[in-house]
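Biologist: I am new to this one. Please walk me through the model, piece by piece.

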Amino acid sequence: MKVIVIGSGLAGLTAAAYMCREGHDVSIYEQFSEIGGVTATIHKNGYSWDIGPLLLEGLAPHERLGKILTELGISEKINIIHEDRGQVFPDFAIWRPKEYEGKYWRRDYFKQLFPSESEGLDRYYRYYDQIMTLMAINNQLEWAKGLNAIWLKLKILPKFIKAKKYMDKSAADIMDSFFDEPKLKAIFMGILADFVVKPSEFPGLGVPVSNIETAFDKRIPIKIKGGKLPVYHYVQNGCEQLVNAFAGYIREHGGEIHVNSLIEEILIENYKAIGVKLKNENAIPADIVIASGGAHKTFFSLIGKEKLPLDFVRNVENLVHMESVLMVHIGIDFDPTPYQRAALCYYYGTYGIEEAVERCRSGDYHEGKEGFLIYIPSFHSPEMAPPGHHAVTVYTIAPYKLSKGDWNSRKEELADKLLIEAEKVIPGLREGAKTEVIMTPLDFKSRIFVEKHSFGGLAPIMNQQSPPHQTPIENLWYIGAQSESGGGVAGVVAGTRKGVLRLLKEY
Ligand SMILES: Cc1cc2nc3c(=O)[nH]c(=O)nc-3n(C[C@H](O)[C@H](O)[C@H](O)COP(=O)(O)OP(=O)(O)OC[C@H]3O[C@@H](n4cnc5c(N)ncnc54)[C@H](O)[C@@H]3O)c2cc1C
């Protein structure tokens, strides 16, 4: 079949790799001048920074992305670095202890900070263990076949029934059922500020899943009842290594990747995709079109509402997106190790996650005061900065549209304000900066060609229905962070693989 893939982010690259693997004639069209979407690494004056994902879940050989790299035979093309991160709040910092203190050291530390919550912490960690076991079996199930799959299904069923009572509960409900202290709740819900989702909207079952203890201490043993825990890795020398590994596979298997190639229309005849139209060029016919990218752009601009069923259009219209980010990349001429002991740390300036998300959604930008993260990739990959120097990224969530002014006119001012906040952690960042790259929501918008930039795609809100891989248009498949795959590197790659295997079965 002649297959056209729209977009060269990890979703598009995964789809193309699996279609090439089956011997199909595959072409990727990417509107930007470089491949990779948000998984790209940028370079300037000898420094390199990732513009998207940092510490990745899923890359270990027992995890879904690791298994896919092995399946495609490209796992040797990248080096991964097992790591963890810090988390700092206004009143306390959570860094792994120098000497390993066992897999529940965070629970014990929280008991010291909040003695009245001791019983709730014991109950929370029992809940955490229960969900981790369920997840570990489920992860194996995705790849299991035959008798093994039946055995795992039998094993998961009682655990699933036990966890069912939590299904309708939000993260806020779950936290209220364990704790009274707002600061303790904020520790477990802080990451929701990153997703720009309110605790009252986020599924309660997602709380342990977004607070896996190995993210905070890489020494925690991964073997648990039911399987293995997820673990976290950096890609050595930046995420572009992952992108290059996929792109290399596609080219070796006869696929083509075209950059500077904007698809402005998906051609449809009798509810069937028949090809695409490139900007300023003729139509290109195809048997299958696989589109990644924003849902609004794909379905409303490239296709058109009139060609889609009404209920599908309504659903896409009502999707809630995350907000965007302001990212400041700098190259510094000094060693920041005395101020931040690991490559990555999240700094929170507030405990009020629900209200902070509400403010962000209404365009009220906190200018770095409510939190940011500092990532220093040259800690784990010294090649990402000149000798003796470091590459530093400071970023925070930010409204796509500011209520006061606009990103173009306030770019420098707001980047400077963010660095002033970061200097409370690492003094001298601005003076020591030898080079700088600022990325506002508008820069991200043009980099990945979306209607509204939202940093992880759709907000993970309970009962929100992301558009399915198999669209109402015959021969048109939809993949990527805004599709049913969900956002995140491992989610996008594993979801796309699943979608493409289904597509191959259908044809
Ligand atoms: C700042 C940031 C931090 C993140 N942190 C993490 C993290 O720590 N862990 C994690 O797992 N995930 C993280 N993510 C999310 C993760 O990176 C994404 O969910 C995932 O990479 C999305 O892949 P994708 O292929 O769906 O989309 P993209 O990477 O956006 O790729 C889509 C591509 O399609 C192209 N395109 C779109 N429309 C067209 C068109 N009409 N014609 C031609 N080309 C087109 C775009 O130019 C783009 O290159 C982060 C994302 C960001 C932005």
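Modeller: Let us begin with a strand pair. S16 and strand S22 (residues 476-478) run parallel, joined over 3 bridges. Strands here are DSSP E runs of at least two residues, helices are H or I runs of at least four, and both are numbered from the N terminus. Two strands pair if DSSP finds at least two bridges between them. This is a predicted model: local features need pLDDT of at least 70, side-chain atom pairs need pLDDT 80 or more, and totals for chains, interfaces and linings use all residues. Residues are numbered from 1 along each chain as its sequence is written.

Biologist: Which residue of S22 is the bridge partner of Ile 290?

Modeller: S16 and S22 pair in the parallel sense. In S22, the partner of Ile 290 is Trp 477.

Biologist: Which residue in S16 is the bridge partner of Ile 4?

Modeller: Strand S1 (residues 2-6) also pairs with S16, in the parallel sense over 4 bridges. The partner of Ile 4 there is Val 289.

Biologist: Are the residues that point either way from S16 buried or exposed?

Modeller: A residue is buried if 20 or more other C-beta atoms, placed from the backbone, lie within 10 Å of its own, exposed if 12 or fewer, and partly exposed in between. Ile 288 and Ile 290 point one way from S16 (residues 288-291), Val 289 and Ala 291 the other way. All of them are buried.

Biologist: How many charged residues are in the shell around the ligand?

Modeller: Of the 37 residues around the ligand, Gly 7, Gly 9, Gly 37, Gly 293 and Gly 480 come nearest. Asp, Glu, Lys and Arg count as charged; Ala, Val, Leu, Ile, Met, Phe, Trp, Tyr, Cys and Pro as nonpolar; the others, Gly among them, as polar. The shell has 21 nonpolar and 15 polar residues, and the charged count is 1.

Terms used:
A residue is near a molecule or strand if its C-beta atom, placed from the backbone, lies within 6 Å of it.
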